[in-house]
Amino acid sequence: VTKLVAVSHTNGVPTFGQVEVAQTPTGPRLLFNASKEVILSGGSINTPQLLQLSGVGDSAFLASLNITTILNLGDVGKNLSDHAFLGNHWLVNSTSTFEAVGRNASLAADLLEQWNTTGTGLFSDPGANQIGWMRLAPNSSIFQQYPDPSAGPTSAHYELMPVDGFVSFVENTPATGFFLSIATNVISPLSRGSVTLASCDPFDNPIVNPALLESPFDLYVMVEAIKAAKRFVEAPAWKGYIIQAVGTLNSTTDEDLAEYARHSTSTVFHPVGTARMTSYSNQDGVVNPNLLVKGCSGLRIVDASVLPYIPAGHPQACVYALAERAADLIKAAWS
């Protein structure tokens, strides 16, 4: 999909009714007509990209790329929120963590055959079977500077997720050694990023600024999560299994742990909010509670980009619920 096309304007209100598609940058453009409405489900990255390519977004920014503004909505591509992910690693006294599979092609083939045949074995394990949801202490000093962004007094600030092996989206697995990872994730972040066009070419990737740990609150939470993970592996149950922490994780100062977090944190691929929902009376935002785009007709968004805040947990179930609600709204609108 390269563009959404407004087919008419009534009293200054555009009606979207066509979708333009192409297979290559220089290939022919084909138009598909919507009989009722256009439903956009590009996700939190591609939905704002496609809206901006279609002339829906901040008019000043669109003009800078010579895109004619069809609908001036300044919030398109803003409010990007994601869970900051950090894999923390300990060398362990074992030879059966996931590294054993990655370094042994025959073992990997046998395990794959076992899973395909019986649905059992190591490949039936998702890798992380326990998750801890944790809050900062209520008297944490950070609350003197920043409001609590969590949904309530029992909603998590961070997540601990043990994994039987080396897990990171920014570091390669070491060639030797066997590892325990405890992923620390900032679950209720204050940081907000953006998705903007790099050019008016729909085949160019957009510019994604995830703004991970940009807020000092989020960095504070990540450091507290790291320290909680370190305390966890100091429990007597780990004696004889944990050999040592890897790299800067050995540090005992908040400053060193913060620097370590800045260099090793990545997305965990939970982006939301770039076409956020607001109330019908609110002039900000991108969609109304019925998921129809504000200020136009015929265009509805159904994906995680409409969530105004990131869920304090893995968002998959929330996206399912959103989709079910959208289905009811669409059926009610056209029944």
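Ser 251 is buried, with a relative accessible area of 12% (buried means under 20% relative accessible area, exposed over 50%, partly exposed in between, with a 1.4 Å probe and protein chains only). Ser 251 sits in the loop between strand 13 (242–245) and helix 6 (254–264). The model is predicted: local features need pLDDT of at least 70, side-chain atom pairs count only at pLDDT 80 or more, and totals for chains, interfaces and linings use all residues. Residues are numbered from 1 along each chain as its sequence is written, and side-chain values use heavy atoms, leaving out hydrogens and water.

**Surroundings of Ser 251**

- A polar atom of the Ser 251 side chain lies 3.3 Å from the backbone nitrogen of Thr 253.
- Ser 251 touches Lys 230, Asp 256 and Leu 257, not counting residues up to four places away in sequence (contact means heavy atoms within 4.5 Å).

**Overall build**

- The protein has seven helices and 15 strands (DSSP runs, numbered from the N terminus: helices are H or I with at least four residues, strands are E with at least two).
- Its C-alpha trace spans about 75 × 55 × 40 Å along the principal axes.
- Of the 335 residues, 45% count as buried.
- Among contacts with a separation of 6 or more, 67% come from residues 24 or more positions apart.
- The accessible surface is about 16,900 Å², and 54% of this surface belongs to carbon and sulfur atoms (Shrake-Rupley method, 1.4 Å probe).

**Charges**

- The protein has 17 positive and 27 negative charges, and their mean positions are 7 Å apart (Lys and Arg count as positive, Asp and Glu as negative; His and the chain ends are not counted).
- Each charge is placed at NZ of Lys, CZ of Arg, CG of Asp or CD of Glu.
- The whole structure holds eight salt bridges (a side-chain nitrogen of Lys or Arg within 4 Å of a carboxyl oxygen of Asp or Glu).

**Salt bridges between distant parts of the chain**

- Arg 300 and Glu 37 form a salt bridge, with the closest N and O atoms 2.6 Å apart.
- This pair links distant parts of the chain, 263 residues apart: Arg 300 is in strand 15 (residues 299–301), and Glu 37 is in the loop between strand 3 (30–33) and strand 4 (38–40).
- Both Arg 300 and Glu 37 are buried.
- Asp 75 and Arg 276 meet in a salt bridge of 2.9 Å, N to O.
- That pair too links distant parts of the chain, 201 residues apart: Asp 75 is in the loop between strand 6 (71–72) and strand 7 (84–92), and Arg 276 is in the loop between strand 14 (266–267) and strand 15.
- Asp 75 is buried at 16% relative accessible area, while Arg 276 is partly exposed at 21%.

- Glu 224 and Lys 227 meet in a salt bridge of 3.0 Å, N to O.
- The two are three residues apart in helix 5 (residues 216–233), so about one helical turn separates them.
- Glu 224 counts as buried at 19% relative accessibility, whereas Lys 227 is partly exposed at 23%.
- Salt bridges with shared partners join Glu 224, Lys 227 and Asp 254 into one network.

**A buried lysine without a salt bridge**

- Lys 294 lies in the loop between strand 14 and strand 15.
- Lys 294 is buried yet has no salt bridge; Asp 75, the nearest side chain of opposite charge, is 8.7 Å away.
- The side chains of Lys 294 and Thr 278 are joined by a polar contact of 3.1 Å (a pair of N or O atoms within 3.5 Å; within protein, one must be able to donate a hydrogen and the other to accept it, and residues adjacent in sequence count only if both atoms are side-chain atoms).
- Leaving aside neighbours within four places in sequence, the contacts of Lys 294 include Leu 71, Leu 73, Tyr 280 and Asp 284.
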